[in-house]
Amino acid sequence: MPNMPISGNDLARFSGPQSFMRLPEVASAEGLDVGFIGIPMDIGTSWRSGTRMGPKQLREQSAMIRPYNIQTGAAPFDALQCADLGDVPINTFSLSDSIRIITDTYAAHLKHDFIPMTLGGDHTLTLPVLRAVAAKHGPLALVHIDAHADVNDEMFGERETHGTVFRRAYEEGIITANKVFQIGLRGTGYTADDFTEAAGWGFNQYLAPELWHKSLTPLAADIKAKIGDQPCYITYDIDSLDPAYAPGTGTPEIGGLTTPQAMELIRGLRGLNIVGCDLVEVSPPYDPSGNTALTGANLMFEMLSILPDVPYR
Ligand code: MN
Ligand code: MN
């Protein structure tokens with residue numbers, strides 16, 4: 001029988017292990033189908049910090065999530081062996097060293113066949129994770145939900161930060177440019193054409209105003225058809241949501257997605273060959289109600305619910 005989250009009827013939700021959904025904490029991915037991994041990092045941020053506390057608060061808020069997705073019918077724990085692999089031992093005094101540690105840690109775990117689901121942490125972490133995941137699966141299709149395209153060339157001369165991730169990934173060939181989908185982009189630019197260069201590489205970009213007041217179910221269907229069966233990674237930056245829904249983040253931008261739109265989008269991606277997911281940029285110091293982390297933890301559960309081989313009832 002696969003692991004089950006501890007039930008709130010067996011042990012009070014405010015007690016027990018501080019793992020994601022109170023799953024068993026394990027040291028190795030051997031035998032797992034899905035492993036939750038925390039990356040407690042904020043030294044790649046450019047404005048408000050605090051995401052180093054993100055994994056801890058996402059895990060805390062996940063304690064209320066029950067194992068069955070009764071809205072969609074998904075029963076991930078009936079078939080997938082899931083556990084929490086703990087946190088990556090980053091070097092909080094060195095971003096470049098942390099990036100190396102993240103790739104090495106994921107490469108070691110990925111000797112086993114499992115899907116890493118990462119709790120961030122600032123968005124820088126997606127680059128070293130993608131390097132390890134692409135080394136196993138080849139170039140990846142990418143669904144990137146974010147207020148920002150994160151395609152700067154450098155920031156203060158640094159080439160690996162939370163704002164440069166997808167330019168580096170494109171340059172390194174670890175993502176397939178015409179199968180990159182960036183959803184929710186908005187805000188202000190450093191230049192008038194911040195986004196257009198990446199569109200020229202082949203990135204598919206969906207600005208938030210195009211999506212206002214609309215269901216994202218048709219968009220998800222379109223993305224799914226375009227990606228086909230290529231191994232796909234989903235990176236969810238919580239600042240894609242409007243600050244009304246997710247104020248606890250480092251670089252908030254007004255006019256964002258709603259929580260129901262995020263759920264429609266993720267649910268509509270069921271059927272993709274997903275090989276990894278992350279949820280990044282939750283900053284607990286700016287999230288006094290815990291609502292941002294609650295939303296983030298539930299979006300992780302929505303991503304878990306659409307993984308290959310999850311049974312639906
Ligand atoms: Mn981002
Ligand atoms: Mn962002």
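This is a predicted model: local features need pLDDT of at least 70, side-chain atom pairs count only at pLDDT 80 or more; totals for chains, interfaces and linings use all residues.
Residues are numbered from 1 along each chain as its sequence is written, chains are lettered from A and ligands numbered from 1 in the order in which they are written, and side-chain values use heavy atoms, with hydrogens and water left out.

**Stop 1: the manganese ions**

Select ligand 1, a manganese ion. Which residues coordinate the manganese ion (ligand 1)? They are His123 (ND1), Asp146 (OD), Asp150 (OD) and Asp237 (OD), at 2.1 to 2.2 Å. Donors here are N, O and S atoms within 2.8 Å of the metal (3.2 Å for Na, K and Ca), and water is not among the atoms, so sites may look incomplete. Along the sequence, the donor residues of ligand 1 follow the spacing H-x22-D-x3-D-x86-D. His123 lies in the loop between strand S3 (115-120) and helix H4 (126-137), while Asp237 belongs to strand S7, so this pair ties together parts that are 114 residues apart in sequence. Helices (H or I, at least four residues) and strands (E, at least two) are DSSP runs, numbered from the N terminus. Both His123 and Asp237 are buried; buried means under 20% relative accessible area, exposed over 50%, and partly exposed in between (1.4 Å probe, protein chains only).

His148 and Asp239 are both buried.

With both ions shown, find Asp146, which bridges ligand 1 and ligand 2. The two manganese ions are 3.2 Å apart.

**Stop 2: aromatic rings**

Next, select Tyr170, Trp201 and Phe203, which ring pairs link into a cluster. The whole structure has four aromatic pairs. Rings of Phe, Tyr and Trp (its six-membered ring) pair if their centres lie within 6.5 Å; planes under 30 degrees apart count as stacked, over 60 as edge-to-face and the rest as tilted. Why is the pair of Tyr170 and Trp201 stacked? Their ring centres are 4.3 Å apart and their planes are at 5°, so the pair falls in that class. Tyr170 sits in helix H5 (residues 165-172) and Trp201 in helix H6 (residues 196-201), 31 residues apart. Trp201 also pairs with Phe203, this time edge-to-face, at 5.2 Å centre to centre and with 85° between the planes. Tyr170 is partly exposed at 29% relative accessible area, whereas Trp201 is buried at 17% and Phe203 is buried at 4%.

**Stop 3: charges over rings**

Select Arg270 and Tyr312: the charged end of Arg270 sits over the ring of Tyr312, 3.4 Å from its centre. Then try Arg48, which lies over the face of Tyr286 at 4.0 Å from the ring centre. A charge sits over a ring if NZ of Lys or CZ of Arg is within 6 Å of the ring centre and within 35 degrees of the ring normal.

**Stop 4: salt bridges**

How many salt bridges does the structure hold? There are 16, each a side-chain nitrogen of Lys or Arg within 4 Å of a carboxyl oxygen of Asp or Glu.

- Glu160 and Arg131 form one of them, with the closest N and O atoms 2.7 Å apart. Glu160 is in the loop between S4 and H5 and Arg131 in helix H4, 29 residues apart.
- Glu197 pairs with Arg167, the closest N and O atoms being 2.8 Å apart. This pair links helix H6, which holds Glu197, to helix H5, which holds Arg167. Glu197 is partly exposed at 43%, but Arg167 is buried at 13%.
- Salt bridges that share partners join Asp153, Arg159, Arg168 and Glu171 into one network. Within this group, Glu171 and Arg159 have their closest N and O atoms 3.6 Å apart.
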